[in-house]
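I opened a notebook for this structure.

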Amino acid sequence: MAKEHVSPVWSRTFPLTISHGEGCYIYDTDGRRYLDFTSGIGVTNTGHCHPKVVAAAQAQVGKIIHAQVNNYYHLPLLALTDALLTIVPDKSFDCFFLTNSGAEAIEGAIKLARHATKKPNIITFQGGFHGRTNLTMATDTGSTIYRAGYSPLASGVYITPFPYAYRYGWDPETTSQWCLKELRHMLHTQTAPFETAAVLIEPVQGEGGYVVPPVSFMKGLRTLCDEFGLLLIADEVQSGFGRTGKFFAVEHFGVTPDIIVMAKGLASGFPLAGLISRRDLMEKWTPGSHGGTYGGNAVACAAAVATIEVLKDGVVENAARMGKVLTAGLKKIQQKYPVMGDVRGLGLMVGVEFTTPDGNPGSDISNEVKKFCLDNNLLLLQCGTYHQVVRWIPPLVVNKEQIETALDIFEKAVASAV
Ligand code: PLP
């Protein structure tokens with residue numbers, strides 16, 4: 001097992017080699033058990049190796065693995081479109097496209113928006129992250145690590161401020177109104193509505209720091225898109241599939257986008273991603289102008305159908321309930337430790353932003369907290385430009401006892417870091 005043959009471009013958060021996983025736990029090759037509150041970066045929402053997902057994938061492997069979707073339909077694909085119809089946040093969503101990764105799905109959404117509107121430009125948000133392919137790199141503004149050294153980046157991408165109230169130091173409403181004003185200003189100064197296809201947003205900003213926009217912002221954004229004839233694309237790659245206590249985060253805001261991008265939690269770890277939209281829009285996408293060999297893979301689709309069944313069986317509600325337990329627990333710890341500058345999130349997508357006493361991003365504290373937790377068998381990831389945010393994304397099947405165990409370790413970690 002020569003690790004030097006694995007490309008170093010894969011940065012690695014934990015010095016572990018994993019042998020297996022079950023539910024909220026993973027086990028390393030030394031037999032040590034960890035409470036995995038990373039969910040493989042928000043993927044294993046049903047827990048590691050949920051028996052129903054495993055059984056569905058195993059059964060499908062014996063029937064057909066690859067039934068290429070440009071050649072023919074296959075049964076798990078049709079079963080998945082049926083299952084998706086039962087969870088879409090609005091009846092208008094009746095057409096689906098499948099691909100392999102989140103970045104590919106975002107590329108697909110932008111290509112669909114361009115074909116459907118015949119307009120070239122996209123507006124997206126400061127601090128956003130949408131993937132690591134050539135086009136998506138141009139939308140990544142949470143950190144230069146995603147783009148530095150790769151210029152020239154794809155053109156036609158414009159960046160407007162995201163309502164990150166804590167960073168600006170303003171109240172949410174002031175931030176919301178200012179950001180909407182800046183977006184309107186952009187349409188008069190940088191990209192005119194007649195050349196702007198869509199606005200692309202994460203309804204809860206993920207890699208940028210687990211930032212929840214105010215409801216007024218999301219509603220104002222929808223109104224603005226309608227006023228100027230722009231499509232609204234919601235990137236629910238990280239926030240979707242029950243993560244926020246609803247199937248899709250947009251449901252918290254009462255806003256219906258034109259396209260929803262899904263990935264990660266969709267198939268519990270099988271590489272499957274896709275677009276949810278309306279047939280009238282999809283019909284404007286020239287057949288054959290987008291696709292891919294593996295999109296809609298039969299085994300991944302079967303796993304996704306099982307994933308949706310599991311999530312519908314009380315797991316999304318559990319995420320909402322456990323999210324409340326988690327946030328209340330974190331806010332209680334925050335009262336003792338002012339370095340925990342902000343505790344925010346929806347459901348089980350929660351961030352703790354550390355801030356130093358002189359008001360700077362608390363990267364060192366965040367790093368130490370993560371390390372202490374690792375040493376005590378709890379895996380937590382970070383996010384935010386300066387890694388100053390510790391993010392909480394346990395599997396949605398997590399129980400109260402596991403959350404309390406994690407909070408206990410976390411509190412000790414913060415105490416030892418300050
Ligand atoms: N969009 C969001 C919001 C993400 O969080 C990610 C990955 O973390 C992506 C897109 C890219 O997904 P993938 O890594 O599957 O390409």
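I count two residues as in contact when heavy atoms lie within 4.5 Å. Among contacts in the chain between residues at least 6 apart in sequence, I find that 73% join residues at least 24 apart.

I note the source first. This is a predicted model, where local features need pLDDT of at least 70, side-chain atom pairs count only at pLDDT 80 or more, and totals for chains, interfaces and linings use all residues. Residues are numbered from 1 along each chain as its sequence is written, and side-chain values use heavy atoms, with hydrogens and water left out.

**Whole chain**

I looked up the secondary structure and got 12 helices and 15 strands. These are DSSP runs numbered from the N terminus, with helices (H or I) of at least four residues and strands (E) of at least two.

Next came the overall size. The C-alpha atoms fill a box of roughly 55 × 55 × 45 Å along the principal axes.

I then checked the surface. The accessible surface comes to about 18,100 Å², and 55% of that belongs to carbon and sulfur atoms. Such areas come from the Shrake-Rupley method with a 1.4 Å probe; for residues, only the protein chains shown count as cover. Buried residues make up 56% of the 418 residues. Buried means under 20% relative accessible area, exposed over 50%, and partly exposed in between (1.4 Å probe, protein chains only).

**Leu-84**

I found Leu-84 in helix H3 (residues 75-85). Leu-84 is buried because its relative accessible area is 0%. Beyond four places in sequence, Leu-84 is in contact with Phe-96, Phe-241, Met-262 and Ile-308. Val-305 is 221 residues away in sequence, yet its C-alpha is 8.4 Å from that of Leu-84.

**His-74**

His-74 lies in the loop between helix H2 (51-61) and H3. Is His-74 buried or exposed? At 6% relative accessible area, His-74 is buried. A polar atom of the His-74 side chain lies 2.7 Å from the backbone oxygen of Gly-296. I call this a polar contact (a pair of N or O atoms within 3.5 Å; within protein, one must be able to donate a hydrogen and the other to accept it, and residues adjacent in sequence count only if both atoms are side-chain atoms).

**Ser-239**

Ser-239 sits in the loop between strand E8 (231-235) and strand E9 (259-262). With a relative accessible area of 1%, Ser-239 is buried. I see a polar contact of 2.8 Å between the side chains of Ser-239 and Glu-236.

**Ligand**

Which residues are around the ligand? I list Ser-101, Gly-102, Ala-103, Phe-129, His-130, Gly-131, Glu-202, Glu-207, Asp-235, Val-237, Gln-238 and Lys-264. Each has a heavy atom within 4 Å of the ligand.

I sorted this shell into 3 nonpolar, 5 polar and 4 charged residues. Ala, Val, Leu, Ile, Met, Phe, Trp, Tyr, Cys and Pro count as nonpolar, Asp, Glu, Lys and Arg as charged, and the others, Gly among them, as polar.

A polar side-chain atom of Gln-238 lies 2.8 Å from a ligand oxygen atom. The protein covers 82% of the 390 Å² of accessible area that the ligand has on its own.
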